[in-house]
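Here are some notes to read alongside the structure, written as numbered points. Please keep the model open while going through them.

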Amino acid sequence: MSPDHPPGLDLDRLRALLDRERPGLVTGPLSGRLIEGGRSNLTYAVSDGASRWVVRRPPLGHVLATAHDMRREHRVISALHPTDVPVPRPVLLCEDEEVLGAPFYVMEFVDGVPYRTAEQLTPLGPERTRAAVLNLVDTLVGLHAVDPVEVGLADFGRPEGFLDRQLRRWAKQLDASRNRDLAGIDELHATLGRELPRSPAPTVVHGDYRLDNVLIGGEGDGIRAILDWEMSTLGDPLTDLGLLVMYSSPLGLPDSPVSTTAQAPGHPAPAELIERYAARSGRDVSAVAWYTAFAWFKLAVILEGIHYRYTLGQTVGRGFDRIGELVPVFIEHGLTTLQEG
């Protein structure tokens, strides 16, 4: 790790805070580095040479809009840590913006690998890949089995009308980035609205549950920790399942800047993931096609927003020039999923 201060992380102020709030925790000079791969919030690995921690903070220059996320993430992992749900152990939440310029929290560093692509999974071999993905399903079942009241999360969200609000939210996001015709997107949204399923009893919902938002490692390639809780709430658990199914479905696009893990040898088919979730959770998954189509719609909206920012010259990095061509593919998958049921 570089001893230099990464942008957004003042190690001297962080050390002073930890010495004051957690005396004896830090035993040497701190070093830190930005962990790549994060999307909205910034994640840093910090070490004193003997122990390691992780710091999560909002993006630079966006304090008010995302300050709530830090409290929310820290609250949910604090509530879930005493349960069987694998989350990092929380260390502290700091809402004093004088320390790092924004609210942030510190948690333990968990060893493990976030597998983002089929290419990264392939070296594991078919058997280990299959076990890792099935463990992902079992861990989701465990999360959805937690009683929100028992862990102090009874007021963590508004489950009533959850799906309707989700549809309206993402339609609003779409309207904010419309600058071209997208065949089928309005039909997809309208059909989802007409066929709104009846939600099961609410649970803690992760909101972005997929293979690269967990850390895998150890014996049996188990889930060491679930990460990135910024979209978590109380709501319909099948939205998590639908997203997982979507990310386990082949896109059919070689060299796509957005990929699923479905093509890795040994990866279970979506139908097996659905059956396993149903058998282990006891939930009725007969409407899973709706939830999967909603996931395709949501990702289409997110990708269109990225494409819109690219057309305005507001993106930095490689691959953004190809995001726009993916949006119609996601729309088509959503419509096909609804039609095939």
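1. The largest nonpolar core has 78 residues, and those with the most contacts inside it are Leu192, Trp229, Phe297 and Phe330. A nonpolar core here is a set of buried Ala, Val, Leu, Ile, Met, Phe, Trp, Tyr and Cys residues joined through side-chain atoms within 4.5 Å, where buried means under 20% relative accessible area, exposed over 50% and partly exposed in between, with a 1.4 Å probe and protein chains only. Helix 10 gives the most to this core, with 13 residues. Apart from it lies another core, of 18 residues, among them Leu11, Trp53, Val91 and Phe104.

2. Please bear in mind that this is a predicted model, in which local features need pLDDT of at least 70 and side-chain atom pairs count only at pLDDT 80 or more, while totals for chains, interfaces and linings use all residues. Residues are numbered from 1 along each chain as its sequence is written, and side-chain values use heavy atoms, with hydrogens and water left out.

3. Not counting residues up to four places away in sequence, Trp229 touches Glu73, Val76, Ile77, Leu80, Val87, Leu143, Val204 and His206, contact being defined as heavy atoms within 4.5 Å.

4. How do helix 8 and helix 10 cross? The axes of helix 8 (residues 238-247) and helix 10 (residues 288-311) come within 8 Å and cross at roughly 70 degrees; helices (H or I, at least four residues) and strands (E, at least two) are DSSP runs, numbered from the N terminus. The two helices, helix 8 and helix 10, are therefore roughly perpendicular to each other, a term that covers angles of 65 to 115 degrees. Among the residues that meet there are Leu241 and Leu243 in helix 8, and Tyr291 and Trp296 in helix 10.

5. Leaving aside neighbours within four places in sequence, Lys298 is in contact with Trp170, Gly207, Met231 and Leu243.

6. Asp221 lies in the loop between strand 7 (214-217) and strand 8 (222-226), and Asp221 counts as buried because its relative accessibility is 8%. Once neighbours within four places in sequence are left aside, Asp221 is in contact with Arg128, Ala132, Asn135 and Ile216.

Conventions:
Axes are lines fitted to C-alpha atoms, for helices over the stretch in contact, and angles run from 0 to 180 degrees between N-to-C directions. Angles under 35 degrees count as roughly parallel, over 145 as roughly antiparallel, 65 to 115 as roughly perpendicular and the rest as oblique.
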